[in-house]
Amino acid sequence: METSASLLERLTTRPDEASWRRLDALYRPLIRRWLSGEPSLRDDVDDLTQDVMTVLVRELPAFRRQRTGSFRRWLRAITVHRLQGHLRATRRRAAVSAPLDACPLVDQLADEESTLSRRWDEEHNAHVVRRLLELIEGEFAATTVTAFRRVVLDGAKPAEVAGELSISVNAVTVAKSKVLSRLRQEAEGFLD
């Protein structure tokens, strides 16, 4: 089992290659999905995703969590700034007399009170939990992960899961506790 430090703590205090890979596997799909939602960025999604990830990796050692949701807001701000930079560069390359359409994604993500920003927060949290669970599953026996998923994600009763898996109710409860503890540990700083 890894050290007791969260992924965020490992990356800001004693980064290693495995932690950077885990961060990339955690956030690249989320950033790409958000950028893919803006039709005007269609041809530039991969480059912009890489740009956001590059800034994230470069700036993360200086990141300090100040309050609940700090990381999520910081990541959204990086994404907005990279999008704004992309739009400025696109406008410079285009003819001055040919104005480009505004990018609704930028405007709405920049506004912390917008519906899209609130959706970003919700999707961020759901994505991080789902993705971190996928990333830590290999640390547990298959039965442990199945018991956790059935009880926590599917809402099944521990007795029902115990019967399905031919294990005791106590084993189901212990499995839930072990995976949940590890998930919380790894997610500290990324989630509320």
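Analyst: Ser-166 counts as exposed, because its relative accessibility is 66%. Keep in mind that this is a predicted model.

User: Where is Ser-166 found?

Analyst: Ser-166 sits in the loop between α8 (158-165) and α9.

User: OK, switching to Pro-104. Which helix is Pro-104 found in?

Analyst: Pro-104 is in helix α5. Its relative accessibility is 40%, so Pro-104 counts as partly exposed.

User: How many Å separate the C-alpha atoms of Pro-104 and His-127?

Analyst: Those C-alpha atoms are separated by 23 Å, and the two residues are 23 residues apart along the chain.

User: Now the packing. At what angle do the axes of α6 and α9 cross?

Analyst: The axes of α6 (residues 115-136) and α9 (residues 169-187) cross at roughly 115 degrees and come within 10 Å. Angles from 65 to 115 count as roughly perpendicular, so α6 is roughly perpendicular to α9.

User: Left-handed or right-handed?

Analyst: The crossing of α6 and α9 is right-handed.

User: Which residues meet there?

Analyst: From α6 you have Val-129, Leu-132, Leu-133 and Ile-136, and they meet Val-179, Arg-182, Leu-183, Glu-186 and Ala-187 in α9. By class, this contact of α6 with α9 has seven nonpolar and two charged residues, with no polar ones.

User: What about the core, how many residues does the largest nonpolar one have?

Analyst: The largest nonpolar core has 43 residues, and Tyr-27, Phe-71 and Phe-190 have the most contacts inside it. Helices α1 (7-13), α2 (17-36), α3 (45-59), α4 (70-93), α5 (104-110), α6, α7 (142-153) and α9 each supply at least two residues of this core.

User: Which helix gives the most?

Analyst: That's α2, with eight residues in this core. Apart from this core lies another, of seven residues, including Ala-147, Val-161, Val-172 and Ala-175.

User: Back to Phe-190. What is Phe-190 in contact with?

Analyst: Leaving aside neighbours within four places in sequence, Phe-190 is in contact with Leu-7, Leu-8, Leu-23, Leu-26, Tyr-27, Phe-71, His-124, Asn-125 and Val-128. Tyr-27 and Phe-71 from that list are also, with Phe-190, the residues with the most contacts inside the largest nonpolar core.

Definitions and conventions: Residues are numbered from 1 along each chain as its sequence is written. This is a predicted model: local features need pLDDT of at least 70, side-chain atom pairs count only at pLDDT 80 or more; totals for chains, interfaces and linings use all residues. Side-chain values use heavy atoms; hydrogens and water are left out. Axes are lines fitted to C-alpha atoms, for helices over the stretch in contact, and angles run from 0 to 180 degrees between N-to-C directions. Helices (H or I, at least four residues) and strands (E, at least two) are DSSP runs, numbered from the N terminus. Angles under 35 degrees count as roughly parallel, over 145 as roughly antiparallel, 65 to 115 as roughly perpendicular and the rest as oblique. A crossing is left-handed if the near helix is turned anticlockwise from the far one by less than a right angle, and right-handed if clockwise. Contact means heavy atoms within 4.5 Å. Ala, Val, Leu, Ile, Met, Phe, Trp, Tyr, Cys and Pro count as nonpolar, Asp, Glu, Lys and Arg as charged, and the others, Gly among them, as polar. A nonpolar core is a set of buried Ala, Val, Leu, Ile, Met, Phe, Trp, Tyr and Cys residues joined through side-chain atoms within 4.5 Å. Buried means under 20% relative accessible area, exposed over 50%, partly exposed in between (1.4 Å probe, protein chains only).
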